[in-house]
Amino acid sequence: MGWFSGCVTYLIIWWLVLFTVLPVGVRRQEVVEKGHDSGAPQQPHMWKKILATSLISAILWAIAYFVITSGLIDIRPAADAFK
């Protein structure tokens with residue numbers, strides 16, 4: 001895996017993990033002010049979620065890197081069948 005494909009893989013994993021982490025710990029506002037959305041979170045804690053997303057993504061990327069580079073799963077024979 002080259003550096004470019006490694007970065008692209010990390011970014012895809014990061015976005016997927018972000019969307020799974022976003023709803024964790026969300027509490028709706030009890031008193032809704034005029035002009036505010038009733039479903040908006042009281043305190044979203046975005047920096048904590050971005051940090052958690054980055055750490056989880058790094059771990060998942062390391063696992064994906066190991067699987068791809070070790071040849072544990074090799075998709076090349078399947079790709080050759082379509083030639």
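**Labels and their cut-offs**

Guide: Lys49 counts as buried, at 9% relative accessibility. This is a predicted model, in which local features need pLDDT of at least 70, side-chain atom pairs count only at pLDDT 80 or more, and totals for chains, interfaces and linings use all residues. Residues are numbered from 1 along each chain as its sequence is written, and side-chain values use heavy atoms, without hydrogens and water.

Visitor: Why is Lys49 called buried?

Guide: Buried means under 20% relative accessible area, exposed over 50%, partly exposed in between (1.4 Å probe, protein chains only). Lys49 has 9%, so the label is buried. Thr53 and Ser57 of α2 are buried too.

Visitor: What makes His45 partly exposed?

Guide: Its relative accessible area is 37%. His45 sits in the loop between α1 and α2. Its phi is positive, near 50°. Most residues other than glycine have a negative phi.

Visitor: What makes the Leu22 and Lys49 pair a polar contact?

Guide: A polar contact is a pair of N or O atoms within 3.5 Å; within protein, one must be able to donate a hydrogen and the other to accept it, and residues adjacent in sequence count only if both atoms are side-chain atoms. Here the backbone oxygen of Leu22 lies 2.5 Å from a polar side-chain atom of Lys49.

Visitor: Which residues does Lys49 touch, beyond its neighbours within four places in sequence?

Guide: Contact means heavy atoms within 4.5 Å. Lys49 is in contact with Val21, Leu22, Val24, Val26 and Pro44.

Methods
Helices (H or I, at least four residues) and strands (E, at least two) are DSSP runs, numbered from the N terminus.
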